[in-house]
Amino acid sequence: MQRTAEIAGGGIAGLSLGALLARRGWRVRVHEQGEQIREIGAGIYIKNNSLEVLEHLGVYERIRARGTPLAAAQIRFADGSVRQQRALSGTSRVVTFARQTLIEGLRDAALDAGVEIVTASRATGLRQQAGGRRALVTADGQVHAADLVVAADGVHSALRTALDIGSRFRELPTLIDRFLVPTRVFTPEPRTEEHWSGNRRIGVTPAGPEHTYVYMVAPASDRRAAAIPLDVADWSARFPRLRELLACLGEAPSTQYHYGVVNCPRWSVGNVAVLGDAAHGLPPTLGQGAGLTLMNALALAEMAGAAADVPAALQAWEQRVRFISDQTQKWACRYDSFTRQWPTALDFARPLVAWSFGRFRFLNDRMRIADRGLRLAGIRVGAEAPPC
Ligand SMILES: Cc1cc2nc3c(=O)[nH]c(=O)nc-3n(C[C@H](O)[C@H](O)[C@H](O)COP(=O)(O)OP(=O)(O)OC[C@H]3O[C@@H](n4cnc5c(N)ncnc54)[C@H](O)[C@@H]3O)c2cc1C
């Protein structure tokens, strides 16, 4: 009999898992609360682990012309000096996109695989059914029974809350503003740069042939940094070398976001799985939220896709892959603390720390474990996982 999945959330998690399961013969329905499938935010770094999944889904081929494969990443201080430089190749490869490009690629892959996407459909909870399985409940009062129900509804997941497993979302005192600027004038080279000045940072990177993605990070307590519209004069005083770029941002639409962390003690209860930011929301300091999401979606589809016992497969899935998300979340939080809280009196030592993270492979490998995540978790792309 055909297996069924009801998925709450039409973001990166819901669409990728939907496509992966449908390609394995499942009947899948994705409920998205918004009127359409769209991403909030500007650009996105897609790293090796994400790329492996996107290649497997055929999504990368569809969207590659609208992305920028990056050659290098730099950390620069406000005086322009380069304090860290990393080549981005092999398992460190990174391609940047406008976010909407990625989500549309995933949406199209899901539709092609036969996924039913229902927009304006908000998941509100779960209902226990005969046999111990839980069904998805939507705001229109409908109860959707399925072999697998997935909470892919983001950091504030309603379904995760309904599971009542002691999960927690914690806001961190860091703000990020994101812009997508329709020009490559400021980013002619395929290189991402993060500029540091005290505890403020500005990231500048090309995102496809026509766009530059800019993010600006500061402690939430820094009121001038948090101002909307952007206080161009104040930011320019801190980053004089970026003055021209900052002048372009003054009028541009931006999204402001508070860093946050999700603690989710378990990723499944019976036939309900928690996936993506709902399971492991983390500060975007390592550019790996979508990477973990895609990787975990692939592993879930591989491990539960053909399993006779879905709840057991979900437990095995968490045991297999979770350590990578946990470690990445820990390092993403450390990176945030390091850049936000570094005392001014110790500013002289910051270049050394920045340098050592670029220089010493063992530090880099730990912090960026997710880049090689599929291999470390023993998930072979496109292959059936061993039965659990
Ligand atoms: C500032 C910032 C920068 C980032 N940069 C990167 C990066 O460069 N690289 C990277 O890999 N990751 C990055 N990330 C992380 C990445 O965006 C997330 O990890 C990823 O979007 C998670 O996808 P998701 O589908 O789990 O959640 P979401 O993207 O939040 O999607 C959840 C979806 O569910 C819908 N929804 C919510 N509640 C309900 C409900 N009750 N019923 C139905 N639908 C619902 C929402 O409308 C949304 O469409 C960044 C994140 C932030 C905040």
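Reader: By class, how many nonpolar, polar and charged residues does the shell around the ligand have?

Author: Keep in mind that this is a predicted model. There are 29 residues around the ligand. Sorted by class, that shell has ten nonpolar, 13 polar and six charged residues.

Reader: OK, and which residues come nearest to the ligand?

Author: Tyr45 has a polar backbone atom 2.9 Å from a nitrogen atom of the ligand. Arg99 uses its side chain instead, with an N or O atom 2.8 Å from a ligand oxygen. Both belong to the group that comes nearest: Glu32, Tyr45, Arg99, Ala123 and Asp277.

Reader: Which element supplies the largest share of the shell?

Author: Helix H1 (12-23), strand E3 (43-47), strand E13 (168-181) and helix H10 (289-304) each supply at least two residues. The largest share is four residues, and it comes from H10.

Reader: Where does the ligand lie relative to domain 1 and domain 2?

Author: Domain 1 covers 4-67 + 97-170 + 259-376, while domain 2 is 173-257. Both give residues to the shell, so the ligand lies between them.

Reader: And where is the pLDDT below 50?

Author: The protein averages a pLDDT of 93, and 98% of the residues score at least 70. One stretch, which has nine contacts beyond near neighbours in sequence, has a pLDDT below 50: residues 384-388.

Key
Residues are numbered from 1 along each chain as its sequence is written. This is a predicted model: local features need pLDDT of at least 70, side-chain atom pairs count only at pLDDT 80 or more; totals for chains, interfaces and linings use all residues. Side-chain values use heavy atoms; hydrogens and water are left out. A residue is near a molecule or strand if one of its heavy atoms lies within 4 Å of it. A polar contact is a pair of N or O atoms within 3.5 Å; within protein, one must be able to donate a hydrogen and the other to accept it, and residues adjacent in sequence count only if both atoms are side-chain atoms. Ala, Val, Leu, Ile, Met, Phe, Trp, Tyr, Cys and Pro count as nonpolar, Asp, Glu, Lys and Arg as charged, and the others, Gly among them, as polar. Domain bounds come from an automatic or database domain assignment. pLDDT is the predictor's confidence in each residue, from 0 to 100. Contact means heavy atoms within 4.5 Å.
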